[in-house]
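Here is a short briefing on selected local features.

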Amino acid sequence: MNFKYWDPTIEKMPRLELEALQLQKLKSEINNAFRTSFYKERLTKAGIRSSDDIKTLDDLKRIPFTTKDDLRDGFPYGFLAIPKEKIVRLHASSGTTGVPTTIYFSKDDIKRWADYMARCIYGTGSDSNDVFQNMISYGLFTGGLGFHQGGEEVGMLVIPAGAGNTTRQFKMMQDYGTTVLHATPSFLLHLETKMKEAGVKRESLSLKRAFAGAEPYSEDTRQRIQELLKVDVYNSYGLSEMNGPGVAFECQCKDGLHIWEDGYIAEIVDPDTLQPVKDGETGELVLTILCREATPILRYRTRDLTSFYTEQCKCQRTHRRLKRLTGRSDDMLIINGVNVFPSQVEEVIMGMKEVGNNYLIVVEKDGALDRMIVKTEMSSNLFMDDTRPLIALKEKIRKALQASISISPRVELQESGSLPVPEGKAVRVMDTRCKDI
Ligand code: ADP
Ligand code: ZN
């Protein structure tokens with residue numbers, strides 16, 4: 001394969017050099033951190049007086065972890081390291097798990113972020129010949145502007161389409177000859193459902209590629225999008241605390257996400273003991289940003305679960321790869337004492353051809369017990385007037401789930417396109433157990 005590199009020197013930098021660069025950048029980030037009220041206190045308490053106390057990358061372990069609650073407590077300016085007149089923008093997290101957190105950027109921070117995004121986009125084979133339709137929310141959410149700037153940096157024609165409104169999206173794809181899309185995986189599937197309904201022919205579109213991220217999805221879901229929309233799908237990972245998208249991205253091998261280690265130090269720890277896991281084992285990703293002066297964040301507990309690949313990638317990039325992120329440690333549901341991740345349900349159902357493009361997990365109280373209901377849309381070729389195939393399908397899904405997650409849920413089949421699709425991240429779980437209704 002003819003691999004494309006935006007910044008070959010950095011992307012293929014020998015590990016020793018890369019680690020030396022990380023140490024140098026870490027020291028300067030610690031100097032930034034001392035300018036914030038939060039870290040001044042935190043680092044001093046941990047016995048770190050200045051960046052001179054960090055002599056090797058291993059000394060990073062002396063720095064305490066930072067959590068989302070710390071960021072919330074530091075709201076609005078506790079993590080700010082530069083004078084207010086040097087800030088040019090702020091972004092905030094989506095607030096999936098509570099009050100959103102705010103991140104500030106200087107002019108140089110924005111430039112650096114755009115460069116990491118360009119590296120991701122260009123590495124998929126996209127270039128200035130492409131027309132890029134960015135179908136994700138603009139605004140405080142980092143996904144919109146993050147990809148927008150990266151696309152412009154690469155020289156693509158960027159359409160700031162924003163999320164939702166499939167009819168308008170199809171029109172823009174046809175009018176401007178869109179070749180590359182960016183959206184959540186759930187929106188890409190929704191788009192395909194609507195495409196059929198609207199009678200839009202795939203041949204009338206020039207699509208080649210799609211970037212899908214901002215939420216977990218399974219390999220089967222990727223395959224499904226690739227087959228249905230006939231595009232190459234690349235997984236994109238990021239979080240607002242680490243700028244937003246552009247933290248880790250798949251290369252053309254599409255086997256794990258390269259984390260840009262000149263911009264971020266990645267550790268994977270056991271979420272209970274907080275000790276590093278062995279290479280290849282799953283744990284919680286902890287990230288330290290090395291490329292932002294306005295809001296330094298050290299050893300941030302992402303809650304996202306993943307593992308490192310142990311071998312180097314065929315593309316010759318030296319930056320390590322993360323395994324597809326399966327969800328957050330706090331996504332875990334406990335149903336009658338059994339632990340289940342929504343991603344496990346997705347893995348079972350999205351591989352089934354008869355299942356449509358959307359699903360929802362409902363958990364409710366049934367007397368003293370918990371009840372799990374899995375609502376899945378059907379692919380449109382199942383006939384509603386003959387109930388036999390429907391009953392057989394429900395039973396097939398139930399049995400497959402029981403074998404995989406040891407829970408026998410109630411399965412409900414719904415018509416294609418009938419389950420809700422939010423404009424932002426997909427909502428996969430409705431847990432009504434804790435509500436006093
Ligand atoms: P919030 O934490 O409020 O959702 P963000 O918009 O910053 O705010 O979202 C970042 C989170 O989104 C990540 O921590 C992760 O849980 C999830 N995420 C982003 N990209 C992916 C991806 N490719 N795969 C799985 N999860 C992802
Ligand atoms: Zn690679």
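R299 is buried, with a relative accessible area of 5%; buried means under 20% relative accessible area, exposed over 50%, and partly exposed in between, with a 1.4 Å probe and protein chains only. R299 is not a glycine, yet has a positive phi of about 50°. This is a predicted model: local features need pLDDT of at least 70 and side-chain atom pairs pLDDT 80 or more, while totals for chains, interfaces and linings use all residues. Residues are numbered from 1 along each chain as its sequence is written, chains are lettered from A and ligands numbered from 1 in the order in which they are written, and side-chain values use heavy atoms, without hydrogens and water.

**Backbone geometry**

- Most residues other than glycine have a negative phi, and most peptide bonds are trans.
- R299 sits in the loop between β11 (283-289) and β12 (300-306). Helices (H or I, at least four residues) and strands (E, at least two) are DSSP runs, numbered from the N terminus.
- N336 also has a positive phi, near 45°, and is a residue other than glycine. The loop between β14 (333-335) and β15 (338-340) holds N336.
- N336 is partly exposed, at 41% relative accessibility.
- The peptide bond from F75 to P76 is cis, with omega near 0°. P76 belongs to the loop between α4 (68-73) and β1 (87-92).

- Strand β17 (residues 369-378) contains E377.
- E377 is buried but has no salt bridge. A salt bridge is a side-chain nitrogen of Lys or Arg within 4 Å of a carboxyl oxygen of Asp or Glu.
- The nearest side chain of opposite charge is R224, 8.1 Å away. Lys and Arg count as positive, Asp and Glu as negative; His and the chain ends are not counted.
- Which backbone nitrogen does the side chain of E377 reach at 2.8 Å? It is that of L419.
- The backbone nitrogen of S418 lies 3.1 Å from a polar atom of the E377 side chain.
- Beyond its neighbours within four places in sequence, E377 is in contact (heavy atoms within 4.5 Å) with residues including V355, N357, Q414 and G417.

**Histidine H148**

- H148 is part of helix α6 (residues 142-154). Its relative accessible area is 13%, so H148 is buried.
- Not counting residues up to four places away in sequence, H148 touches N134, Y138, V158 and P160.

**Cavities and a pocket**

- On a 1 Å grid over the protein atoms alone, a cavity is a set of points where a 1.4 Å probe fits but cannot get out. A pocket is an open set with protein on both sides within 12 Å along at least five of seven lines, and lining residues have an atom within 4 Å of a point.
- Grid points are joined across faces, edges and corners; a volume is the space filled by probe spheres set on the points.
- By this rule there are two cavities of 30 Å³ or more.
- The largest cavity has a volume of about 90 Å³. Among its lining residues are F75, P76, Y104 and T295.
- Strand β2 (residues 102-106) gives the largest share of that lining, three residues.
- The second largest pocket has a volume of about 470 Å³.
- That pocket is lined by 25 residues, and K61, A266, E267, F308 and R320 lie nearest its centre.
- The elements giving two or more residues to that pocket lining are α2 (15-33) and β10 (264-269). β10 gives the most, with five residues.

Definitions and conventions: A polar contact is a pair of N or O atoms within 3.5 Å; within protein, one must be able to donate a hydrogen and the other to accept it, and residues adjacent in sequence count only if both atoms are side-chain atoms.
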